[in-house]
Amino acid sequence: MVGVKAIGWTFSPREWERWVEEKRESLYRARQIWHWIWKKGVYNPAQMSDVPLSIRTALDSEVFFPMLELVRSQESRDGTRKFLWALPEGGKVETVWIPHQNRYTVCISSQVGCSLNCRFCATGQLGLERQLKGYEILLQVYAVKHLLGLPITNVVFMGMGEPLLNYSAVIEAVEGLTQRMGFSGKRLTISTVGIPKAIQRLAERSEPFELAFSLHSAIPEKRRALIPLAAHISLEELQTALGLYCEKRNEWITLEYVLLEDINDQEADAEALREFIKPPLRAKVNLIEYNPVPELPFRGSRRIKDFQQALLKRRIITTIRRSRGADIAAACGQLSRRF
Ligand code: SAH
(Lines give C-alpha, C1' and ligand atoms only; values in the text may rest on other atoms or scores of the structure.)
Protein backbone atom coordinates (compact mmCIF):
# COMPACT_ATOMS: atom_id res chain seq x y z
CA MET A 1 0.00 0.00 0.00
CA VAL A 2 1.21 3.48 -0.82
CA GLY A 3 0.15 5.52 2.19
CA VAL A 4 0.36 9.23 2.99
CA LYS A 5 4.14 9.27 2.99
CA ALA A 6 5.95 10.84 0.03
CA ILE A 7 7.52 8.44 -2.47
CA GLY A 8 11.28 8.94 -2.12
CA TRP A 9 12.08 7.73 -5.66
CA THR A 10 10.37 10.75 -7.17
CA PHE A 11 12.35 13.42 -5.25
CA SER A 12 14.60 15.59 -7.41
CA PRO A 13 17.88 16.96 -5.97
CA ARG A 14 16.05 20.26 -5.34
CA GLU A 15 13.27 18.49 -3.48
CA TRP A 16 15.74 16.70 -1.25
CA GLU A 17 17.36 20.04 -0.46
CA ARG A 18 14.03 21.53 0.44
CA TRP A 19 13.22 18.52 2.59
CA VAL A 20 16.54 18.79 4.43
CA GLU A 21 16.10 22.56 4.82
CA GLU A 22 12.74 22.02 6.47
CA LYS A 23 14.54 19.96 9.07
CA ARG A 24 17.05 22.80 9.58
CA GLU A 25 19.90 20.52 8.58
CA SER A 26 22.83 21.39 6.33
CA LEU A 27 22.21 21.19 2.62
CA TYR A 28 24.95 18.67 1.98
CA ARG A 29 22.82 16.08 3.77
CA ALA A 30 20.60 16.15 0.69
CA ARG A 31 23.56 15.11 -1.45
CA GLN A 32 24.45 12.35 0.99
CA ILE A 33 20.96 10.91 0.89
CA TRP A 34 20.97 11.15 -2.91
CA HIS A 35 24.29 9.37 -3.09
CA TRP A 36 23.07 6.52 -0.91
CA ILE A 37 19.92 6.02 -2.94
CA TRP A 38 21.15 6.46 -6.49
CA LYS A 39 24.86 5.64 -6.38
CA LYS A 40 25.08 2.98 -3.70
CA GLY A 41 21.64 1.48 -4.16
CA VAL A 42 20.77 1.86 -0.48
CA TYR A 43 17.29 3.18 0.30
CA ASN A 44 16.83 1.89 3.83
CA PRO A 45 17.56 4.91 6.07
CA ALA A 46 18.93 2.63 8.80
CA GLN A 47 21.83 1.74 6.48
CA MET A 48 22.77 5.33 5.61
CA SER A 49 25.59 5.24 8.09
CA ASP A 50 26.95 8.77 7.68
CA VAL A 51 23.51 10.40 7.93
CA PRO A 52 22.61 11.60 11.46
CA LEU A 53 19.99 9.65 13.38
CA SER A 54 17.60 12.63 13.44
CA ILE A 55 17.46 12.67 9.65
CA ARG A 56 17.18 8.90 9.38
CA THR A 57 14.22 8.98 11.77
CA ALA A 58 12.58 11.76 9.78
CA LEU A 59 13.15 9.77 6.58
CA ASP A 60 11.52 6.76 8.16
CA SER A 61 8.43 8.62 9.20
CA GLU A 62 7.95 10.90 6.18
CA VAL A 63 9.37 9.17 3.13
CA PHE A 64 8.61 5.82 1.69
CA PHE A 65 10.57 3.72 -0.81
CA PRO A 66 8.18 1.14 -2.25
CA MET A 67 10.12 -1.66 -3.97
CA LEU A 68 9.28 -4.24 -6.61
CA GLU A 69 8.74 -7.67 -5.21
CA LEU A 70 10.36 -10.52 -7.08
CA VAL A 71 7.64 -13.12 -7.62
CA ARG A 72 9.53 -15.52 -9.87
CA SER A 73 12.66 -15.74 -11.97
CA GLN A 74 13.92 -18.08 -14.62
CA GLU A 75 17.23 -18.55 -16.42
CA SER A 76 17.60 -19.57 -20.06
CA ARG A 77 20.24 -21.96 -21.42
CA ASP A 78 21.82 -18.92 -23.09
CA GLY A 79 22.13 -17.03 -19.77
CA THR A 80 19.15 -14.72 -20.35
CA ARG A 81 17.10 -14.23 -17.20
CA LYS A 82 13.47 -13.30 -16.83
CA PHE A 83 11.95 -11.73 -13.73
CA LEU A 84 8.32 -11.40 -12.75
CA TRP A 85 7.72 -8.51 -10.38
CA ALA A 86 4.75 -7.47 -8.30
CA LEU A 87 4.51 -3.69 -8.62
CA PRO A 88 4.09 -1.30 -5.67
CA GLU A 89 0.86 0.08 -7.12
CA GLY A 90 -0.59 -3.24 -8.25
CA GLY A 91 -0.24 -5.73 -11.08
CA LYS A 92 2.72 -7.73 -12.35
CA VAL A 93 5.22 -7.15 -15.13
CA GLU A 94 8.26 -8.90 -16.55
CA THR A 95 11.80 -7.64 -17.01
CA VAL A 96 14.45 -9.49 -19.00
CA TRP A 97 18.23 -9.37 -18.52
CA ILE A 98 20.23 -10.39 -21.58
CA PRO A 99 24.01 -10.92 -21.34
CA HIS A 100 25.90 -10.97 -24.62
CA GLN A 101 29.69 -10.78 -24.64
CA ASN A 102 30.48 -7.51 -22.86
CA ARG A 103 27.00 -6.10 -23.29
CA TYR A 104 24.30 -6.55 -20.65
CA THR A 105 20.89 -5.39 -21.76
CA VAL A 106 17.85 -4.95 -19.55
CA CYS A 107 14.52 -5.03 -21.32
CA ILE A 108 11.87 -3.20 -19.29
CA SER A 109 8.08 -2.93 -19.35
CA SER A 110 6.15 0.33 -19.51
CA GLN A 111 2.58 -0.96 -19.11
CA VAL A 112 0.90 -3.88 -17.36
CA GLY A 113 -0.21 -5.75 -20.49
CA CYS A 114 -0.69 -3.81 -23.72
CA SER A 115 -3.62 -2.32 -25.62
CA LEU A 116 -2.23 -2.78 -29.15
CA ASN A 117 -2.99 -6.44 -29.78
CA CYS A 118 -0.33 -6.88 -32.50
CA ARG A 119 -1.25 -10.21 -34.04
CA PHE A 120 2.12 -11.90 -33.55
CA CYS A 121 2.85 -10.73 -29.98
CA ALA A 122 2.05 -12.62 -26.77
CA THR A 123 1.75 -9.48 -24.63
CA GLY A 124 -0.90 -8.17 -27.03
CA GLN A 125 -3.13 -11.07 -26.02
CA LEU A 126 -3.31 -9.79 -22.43
CA GLY A 127 -5.00 -6.46 -23.04
CA LEU A 128 -4.08 -3.37 -21.01
CA GLU A 129 -4.39 -3.55 -17.23
CA ARG A 130 -2.79 -0.28 -16.24
CA GLN A 131 -0.03 2.24 -16.86
CA LEU A 132 3.18 1.98 -14.90
CA LYS A 133 4.28 5.01 -12.92
CA GLY A 134 7.62 6.51 -13.94
CA TYR A 135 9.32 5.24 -10.81
CA GLU A 136 7.94 1.73 -11.34
CA ILE A 137 9.56 1.67 -14.79
CA LEU A 138 12.84 2.95 -13.35
CA LEU A 139 12.77 0.50 -10.45
CA GLN A 140 13.00 -2.43 -12.87
CA VAL A 141 16.52 -1.30 -13.75
CA TYR A 142 17.32 -0.29 -10.17
CA ALA A 143 16.25 -3.67 -8.80
CA VAL A 144 18.21 -5.68 -11.38
CA LYS A 145 21.30 -3.63 -10.62
CA HIS A 146 21.16 -3.10 -6.88
CA LEU A 147 18.98 -5.89 -5.54
CA LEU A 148 20.12 -8.67 -7.86
CA GLY A 149 23.60 -7.23 -8.39
CA LEU A 150 23.67 -7.85 -12.16
CA PRO A 151 25.75 -5.65 -14.47
CA ILE A 152 23.84 -3.44 -16.92
CA THR A 153 25.21 -1.56 -19.92
CA ASN A 154 22.06 -1.01 -22.01
CA VAL A 155 18.37 -0.48 -21.37
CA VAL A 156 15.63 -1.08 -23.93
CA PHE A 157 11.93 -0.22 -23.58
CA MET A 158 10.97 -3.43 -25.35
CA GLY A 159 9.18 -5.36 -22.63
CA MET A 160 5.45 -5.29 -22.04
CA GLY A 161 3.51 -2.31 -23.28
CA GLU A 162 3.74 0.59 -25.69
CA PRO A 163 6.07 3.22 -24.20
CA LEU A 164 4.63 6.14 -26.17
CA LEU A 165 1.13 5.43 -24.86
CA ASN A 166 2.55 6.06 -21.38
CA TYR A 167 4.55 9.06 -22.47
CA SER A 168 5.15 11.11 -19.32
CA ALA A 169 6.05 8.08 -17.19
CA VAL A 170 8.52 6.91 -19.84
CA ILE A 171 10.15 10.35 -20.01
CA GLU A 172 10.38 10.34 -16.22
CA ALA A 173 12.08 6.95 -16.37
CA VAL A 174 14.49 8.11 -19.10
CA GLU A 175 15.44 11.10 -16.94
CA GLY A 176 15.92 8.83 -13.95
CA LEU A 177 18.11 6.46 -15.95
CA THR A 178 20.34 9.22 -17.30
CA GLN A 179 20.38 11.77 -14.49
CA ARG A 180 20.07 9.51 -11.45
CA MET A 181 21.48 6.18 -12.48
CA GLY A 182 24.11 7.55 -14.84
CA PHE A 183 23.25 5.69 -18.05
CA SER A 184 24.30 7.32 -21.29
CA GLY A 185 21.39 8.12 -23.59
CA LYS A 186 23.23 6.27 -26.37
CA ARG A 187 22.51 3.10 -24.42
CA LEU A 188 18.78 3.64 -23.93
CA THR A 189 16.35 2.66 -26.65
CA ILE A 190 12.66 3.48 -26.73
CA SER A 191 10.83 1.10 -29.06
CA THR A 192 7.46 2.16 -30.43
CA VAL A 193 4.70 0.89 -32.67
CA GLY A 194 4.63 4.48 -33.98
CA ILE A 195 2.44 7.22 -32.52
CA PRO A 196 3.08 10.32 -34.68
CA LYS A 197 2.08 12.93 -32.07
CA ALA A 198 4.30 11.37 -29.43
CA ILE A 199 7.18 11.07 -31.92
CA GLN A 200 6.84 14.80 -32.59
CA ARG A 201 7.05 15.48 -28.86
CA LEU A 202 10.11 13.23 -28.54
CA ALA A 203 11.75 15.12 -31.41
CA GLU A 204 11.56 18.32 -29.34
CA ARG A 205 13.36 16.84 -26.36
CA SER A 206 16.97 17.64 -25.78
CA GLU A 207 18.13 14.69 -23.71
CA PRO A 208 19.81 11.79 -25.49
CA PHE A 209 18.12 8.46 -26.15
CA GLU A 210 17.69 6.20 -29.16
CA LEU A 211 14.45 5.52 -31.01
CA ALA A 212 13.38 2.27 -32.63
CA PHE A 213 10.21 2.01 -34.70
CA SER A 214 8.42 -1.32 -35.16
CA LEU A 215 7.68 -1.26 -38.86
CA HIS A 216 7.37 -4.99 -39.72
CA SER A 217 6.09 -4.18 -43.20
CA ALA A 218 6.33 -1.10 -45.40
CA ILE A 219 3.36 -2.34 -47.42
CA PRO A 220 0.23 -0.71 -45.90
CA GLU A 221 -2.17 -3.69 -46.19
CA LYS A 222 0.38 -6.06 -44.73
CA ARG A 223 1.19 -3.76 -41.83
CA ARG A 224 -2.52 -3.34 -41.10
CA ALA A 225 -2.97 -7.11 -41.00
CA LEU A 226 -0.22 -7.41 -38.36
CA ILE A 227 -0.79 -4.26 -36.31
CA PRO A 228 -4.43 -3.24 -35.72
CA LEU A 229 -3.38 0.32 -34.81
CA ALA A 230 -2.05 0.76 -38.37
CA ALA A 231 -5.68 1.05 -39.55
CA HIS A 232 -5.74 4.48 -37.92
CA ILE A 233 -2.22 5.71 -38.66
CA SER A 234 -0.88 5.74 -42.20
CA LEU A 235 2.69 4.94 -43.16
CA GLU A 236 3.02 8.40 -44.74
CA GLU A 237 2.16 10.05 -41.43
CA LEU A 238 4.75 7.92 -39.69
CA GLN A 239 7.35 8.55 -42.36
CA THR A 240 6.84 12.30 -41.95
CA ALA A 241 6.95 12.23 -38.14
CA LEU A 242 10.06 10.02 -38.11
CA GLY A 243 11.77 12.12 -40.80
CA LEU A 244 11.20 15.24 -38.73
CA TYR A 245 12.50 13.40 -35.70
CA CYS A 246 15.76 12.53 -37.52
CA GLU A 247 16.11 16.09 -38.74
CA LYS A 248 15.42 17.80 -35.41
CA ARG A 249 17.65 15.49 -33.38
CA ASN A 250 20.17 14.93 -36.13
CA GLU A 251 20.00 11.20 -35.53
CA TRP A 252 19.36 7.91 -37.20
CA ILE A 253 16.61 5.63 -36.00
CA THR A 254 16.26 1.85 -36.10
CA LEU A 255 13.45 0.11 -37.95
CA GLU A 256 12.48 -3.15 -36.26
CA TYR A 257 11.29 -5.81 -38.63
CA VAL A 258 10.15 -9.25 -37.43
CA LEU A 259 10.63 -11.62 -40.34
CA LEU A 260 7.56 -13.81 -40.77
CA GLU A 261 7.41 -16.69 -43.18
CA ASP A 262 5.44 -15.97 -46.37
CA ILE A 263 4.29 -12.64 -44.98
CA ASN A 264 6.99 -9.98 -45.20
CA ASP A 265 10.16 -11.74 -46.37
CA GLN A 266 10.12 -11.35 -50.18
CA GLU A 267 11.85 -9.06 -52.71
CA ALA A 268 8.76 -6.83 -52.96
CA ASP A 269 8.92 -6.34 -49.18
CA ALA A 270 12.58 -5.32 -49.37
CA GLU A 271 11.76 -2.87 -52.17
CA ALA A 272 8.91 -1.33 -50.14
CA LEU A 273 11.32 -0.90 -47.23
CA ARG A 274 13.80 0.89 -49.45
CA GLU A 275 11.07 3.27 -50.57
CA PHE A 276 10.02 3.91 -46.99
CA ILE A 277 13.53 4.99 -45.98
CA LYS A 278 13.93 8.26 -47.78
CA PRO A 279 15.36 11.56 -46.53
CA PRO A 280 14.92 13.19 -44.16
CA LEU A 281 14.24 9.78 -42.60
CA ARG A 282 17.55 8.09 -41.86
CA ALA A 283 17.28 4.55 -40.61
CA LYS A 284 19.03 1.24 -40.31
CA VAL A 285 17.07 -1.98 -40.18
CA ASN A 286 17.17 -4.54 -37.41
CA LEU A 287 15.75 -7.85 -38.62
CA ILE A 288 14.22 -9.74 -35.71
CA GLU A 289 13.96 -13.48 -35.62
CA TYR A 290 10.36 -14.37 -34.83
CA ASN A 291 9.90 -15.92 -31.41
CA PRO A 292 7.02 -18.38 -31.55
CA VAL A 293 3.97 -17.82 -29.36
CA PRO A 294 2.02 -21.04 -28.76
CA GLU A 295 -1.52 -19.87 -29.61
CA LEU A 296 -0.48 -17.79 -32.61
CA PRO A 297 -0.30 -19.05 -36.20
CA PHE A 298 2.94 -17.31 -37.24
CA ARG A 299 6.22 -18.90 -38.21
CA GLY A 300 9.63 -17.31 -38.40
CA SER A 301 11.03 -16.82 -41.88
CA ARG A 302 13.92 -19.03 -42.97
CA ARG A 303 14.97 -16.33 -45.41
CA ILE A 304 16.51 -14.04 -42.83
CA LYS A 305 19.99 -14.06 -44.44
CA ASP A 306 18.53 -13.65 -47.94
CA PHE A 307 16.37 -10.77 -46.79
CA GLN A 308 19.37 -9.12 -45.19
CA GLN A 309 21.19 -9.48 -48.52
CA ALA A 310 18.20 -8.00 -50.35
CA LEU A 311 18.41 -4.94 -48.10
CA LEU A 312 22.19 -4.64 -48.19
CA LYS A 313 21.99 -4.73 -51.99
CA ARG A 314 19.73 -1.69 -51.67
CA ARG A 315 22.35 0.03 -49.51
CA ILE A 316 20.37 -0.28 -46.28
CA ILE A 317 22.41 -0.96 -43.16
CA THR A 318 20.88 -4.17 -41.83
CA THR A 319 21.60 -6.17 -38.70
CA ILE A 320 20.00 -9.33 -37.36
CA ARG A 321 18.67 -9.67 -33.82
CA ARG A 322 18.99 -13.30 -32.90
CA SER A 323 16.46 -14.74 -30.52
CA ARG A 324 17.60 -14.88 -26.88
CA GLY A 325 15.86 -16.59 -24.00
CA ALA A 326 13.20 -18.25 -26.16
CA ASP A 327 13.34 -21.49 -24.12
CA ILE A 328 11.93 -19.61 -21.11
CA ALA A 329 9.60 -17.39 -23.18
CA ALA A 330 11.74 -14.35 -22.40
CA ALA A 331 12.36 -13.28 -25.99
CA CYS A 332 10.75 -10.28 -27.76
CA GLY A 333 7.00 -10.65 -27.94
CA GLN A 334 6.82 -13.67 -25.64
CA LEU A 335 6.14 -11.88 -22.37
CA SER A 336 2.77 -12.98 -21.09
CA ARG A 337 3.60 -13.73 -17.45
CA ARG A 338 3.82 -17.46 -17.99
CA PHE A 339 6.69 -19.06 -16.12
N1 SAH B 1 5.30 -1.64 -28.10
C2 SAH B 1 6.69 -1.48 -28.46
C3 SAH B 1 7.58 -2.45 -27.72
C4 SAH B 1 7.21 -3.86 -28.06
S5 SAH B 1 8.29 -5.22 -27.95
C6 SAH B 1 6.84 -1.66 -29.95
O7 SAH B 1 5.86 -2.04 -30.61
O8 SAH B 1 7.91 -1.39 -30.48
C9 SAH B 1 9.68 -4.93 -28.90
C10 SAH B 1 9.70 -5.55 -30.29
O11 SAH B 1 9.39 -6.97 -30.30
C12 SAH B 1 8.70 -4.89 -31.21
O13 SAH B 1 9.33 -4.57 -32.42
C14 SAH B 1 7.68 -5.98 -31.39
O15 SAH B 1 6.95 -5.83 -32.57
C16 SAH B 1 8.55 -7.22 -31.40
N17 SAH B 1 7.83 -8.48 -31.22
C18 SAH B 1 6.59 -8.68 -30.74
N19 SAH B 1 6.28 -9.99 -30.73
C20 SAH B 1 7.35 -10.64 -31.23
C21 SAH B 1 7.66 -12.03 -31.43
N22 SAH B 1 6.80 -12.97 -31.12
N23 SAH B 1 8.88 -12.32 -31.94
C24 SAH B 1 9.78 -11.35 -32.21
N25 SAH B 1 9.55 -10.05 -32.01
C26 SAH B 1 8.35 -9.69 -31.53
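**Entry 1: the shell around the ligand**

I began with the make-up of the ligand shell: by class, it has 10 nonpolar, 7 polar and 3 charged residues. I note here that the model is a predicted one. I then asked which of the 20 residues around the ligand come nearest. I wrote down Glu162, Ser191, Ser214, His216 and Asn291.

**Entry 2: polar atoms facing the ligand**

I looked up Ser191 next, and found a polar atom of its side chain 2.6 Å from a ligand oxygen atom. For Thr192 I noted a polar backbone atom, which lies 3.3 Å from an oxygen atom of the ligand. Asn291 also presents a polar backbone atom, in this case 2.9 Å from a nitrogen atom of the ligand.

**Entry 3: where the ligand sits**

I asked what space the ligand takes. The answer is the largest cavity. I listed the elements that give two or more residues to the shell around the ligand: strand 10 (188–192), strand 12 (253–259) and strand 13 (283–289).

**Entry 4: the cavity itself**

I searched the whole structure for cavities of 30 Å³ or more and found 1. For the volume of the largest cavity I recorded about 500 Å³. Its lining has 31 residues, and those nearest the centre of the cavity are Phe120, Cys121, Met158, Ser214 and Gly333. Strand 10, strand 12 and strand 13 are the elements that give two or more residues to this lining. Sorted by class, the lining of the largest cavity has 15 nonpolar, 12 polar and 4 charged residues. I marked Ser214 in my list, as it is among the residues that come nearest the ligand and also among those nearest the centre of the cavity.

**Entry 5: the largest pocket**

I turned to the open pockets. The largest pocket has a volume of about 930 Å³. It is lined by 36 residues, and I found Arg103, Thr105, Val156, Asn286 and Arg321 closest to its centre. I sorted this lining by class and got 16 nonpolar, 10 polar and 10 charged residues.

I then asked which strand gives the most to the lining of the largest pocket. It is strand 13, with 5 residues. The strands that each supply at least two residues of the lining include strand 5 (92–100), strand 6 (103–107), strand 9 (154–157), strand 11 (210–214) and strand 14 (318–321).

**Entry 6: backbone points**

Last, I looked up two places in the backbone. The peptide bond from Pro279 to Pro280 is cis, and I noted its omega as near 5 degrees. I placed Pro280 in the loop that runs between helix 9 (267–276) and strand 13. Gln101 is a residue other than glycine with a positive phi, near 50 degrees.

Technical notes: Residues numbered from 1 in each chain as written. Predicted model: local features only at pLDDT ≥ 70, side-chain atom pairs only at ≥ 80, totals over all residues. Heavy atoms only, no water. Near = heavy atom within 4 Å. Polar contact = N/O pair within 3.5 Å; in protein donor to acceptor, adjacent residues only side chain to side chain. 1 Å grid on protein atoms, 1.4 Å probe; cavity = no way out; pocket = protein on both sides within 12 Å on 5 of 7 lines; lining within 4 Å. Sits in = over half its atoms within 2 Å of the grid points. Helix = DSSP H or I, 4+ residues; strand = E, 2+ residues; numbered from the N terminus. Nonpolar A, V, L, I, M, F, W, Y, C, P; charged D, E, K, R; others polar. Points joined across faces, edges and corners; volume = space filled by probe spheres on them.
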